[in-house]
Amino acid sequence: MKNKILEAVKFIVDNGLVKGTWGNISIKDGNFIYITPSGIPYDVLTEDDISVVEMNGTHVSGLKPSSELPTHLEIYRVRKDVNAIVHTHPVFSTTISLVSNFIPPLVEDAVMILGPKINVAEYALPGTLKLAQNVIEALENNHAVILKNHGLITVGQDINEALTASLVCEKTAEIFLYAMNIGNFNLINEEDAVILRNKYLNSYRQNSKDIR
Ligand SMILES: [Zn+2]
């Protein structure tokens with residue numbers, strides 16, 4: 001698990017989803033959560049630094065966990081289908097959080113992998129239970145939620161799915177900004193969006209490891 005966290009950290013840095021030490025990643029394994037520690041530069045992070053906590057929040061080993069631990073724990077508590085969480089501060093998704101309360105059903109891959117409509121969670125200070133509650137409310141049964149004036153959280157049945165969701169959400173946010181700047185644009189209708197989403201969850205998703 002710890003090496004998977006390090007690989008995922010490299011992935012979000014290489015793909016420009018974070019700058020500096022911002023963002024955090026966790027993987028759930030039974031009653032244990034493996035999560036990036038608070039404030040350690042990613043380029044010097046080692047397996048021993050990865051924080052291990054129990055589902056009740058008790059620190060087991062490694063460095064002090066990310067300050068966003070409450071949000072990670074709350075998502076795992078509510079969403080039993082989720083085993084990995086990726087939180088980043090990407091440019092386009094964060095920009096959307098300033099100008100819209102959601103991303104509508106724009107393109108097929110986003111609708112399938114993320115959900116029919118990606119909501120923007122209400123603002124709350126980082127690390128607070130209030131932020132965790134706002135995130136849960138806006139996430140619904142989707143695989144992505146944008147945090148107002150803050151960034152992006154994606155979830156997955158495994159870390160690959162959560163990482164893919166981050167890239168797809170950021171790409172879709174970029175498309176949304178271009179489309180809004182150009183003018184009128186077409187949406188996928190709600191009925192088709194639900195059909196596409198279910199198709200992904202019920203069949204395509206088994207192959208999530210092949211997506212990226
Ligand atoms: Zn953040």
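1. Strands β2 (32–35) and β3 (51–54) pair in the antiparallel sense over four bridges. Two strands count as paired if DSSP finds at least two bridges between them. I35 stands opposite S51 in β3.

2. The model is a predicted one: local features need pLDDT of at least 70 and side-chain atom pairs count only at pLDDT 80 or more, whereas totals for chains, interfaces and linings use all residues. Residues are numbered from 1 along each chain as its sequence is written.

3. β1 and β2 run antiparallel and are joined by four bridges. K28 stands opposite I33 in β2. The hairpin of β1 and β2 has two residues between the strands, and G30 takes a positive phi near 65° there.

4. These strands belong to an open sheet of nine strands with mixed pairing, in the order β4-β3-β2-β1-β5-β9-β8-β7-β6. The edge strands are β4 (59–61) and β6, each of which pairs on one side only. I103 has I118 in β7 as its bridge partner.

5. Which strands does α2 touch as it packs on the sheet? Helix α2 touches β1 (24–29), β2, β3, β5 (84–88) and β9 (151–156), and its direction makes about 140° with that of β2. Helix α5 lies across β7, β8 (144–147) and β9, running at about 160° to β7. Axes here are lines fitted to C-alpha atoms, for helices over the stretch in contact, and angles run from 0 to 180 degrees between N-to-C directions.

6. Helix α2 (residues 69–78) also packs with helix α5 (residues 129–139), at an angle of about 40° and with the axes 8 Å apart. That angle makes α2 oblique to α5; angles under 35 degrees count as roughly parallel, over 145 as roughly antiparallel, 65 to 115 as roughly perpendicular and the rest as oblique. The crossing of α2 past α5 is right-handed, a term used if the near helix is turned clockwise from the far one by less than a right angle, with left-handed used if anticlockwise. On the α2 side, P70, T71, E74, I75 and V78 meet L129, L131, A132, V135 and I136 of α5. By class, this contact of α2 with α5 has eight nonpolar, one polar and one charged residues. Residues are in contact if their C-beta atoms, placed from the backbone, lie within 7 Å. Ala, Val, Leu, Ile, Met, Phe, Trp, Tyr, Cys and Pro count as nonpolar, Asp, Glu, Lys and Arg as charged, and the others, Gly among them, as polar.

7. Helix α6 (residues 159–182) meets α3, their axes coming within 7 Å and crossing at roughly 55°. The two helices α3 and α6 are therefore oblique to each other, and their crossing is left-handed. F92, S93, T95 and I96 of α3 make the contact with C169, E170, A173, E174, F176 and L177 of α6. The contact of α3 with α6 has six nonpolar, two polar and two charged residues.

8. Helix α1 (residues 2–14) packs with α6 at an angle of about 10°, with the axes 11 Å apart. That makes α1 roughly parallel to α6. K4, A8, F11 and I12 of α1 meet I159, L163 and S166 of α6. The residues of this contact of α1 with α6 divide into five nonpolar, one polar and one charged.

9. E140, in the loop between α5 and β8, has a phi near 50°, a positive value in a residue other than glycine. N149, in the loop between β8 and β9, has a positive phi near 55° and is likewise a residue other than glycine. Is each of them buried or exposed? E140 is partly exposed, because 13 other C-beta atoms lie within 10 Å, whereas N149 counts as exposed with 9 C-beta neighbours inside 10 Å. A residue is buried if 20 or more other C-beta atoms lie within 10 Å of its own, exposed if 12 or fewer, and partly exposed in between, with C-beta atoms placed from the backbone.

10. N101 lies in the loop between α3 (91–99) and β6 (102–103). With 13 C-beta neighbours inside 10 Å, N101 counts as partly exposed. N101 and D49 are 52 residues apart along the chain, and their C-alpha atoms are separated by 36 Å.

Definitions and conventions: Contact = placed C-beta atoms within 7 Å.
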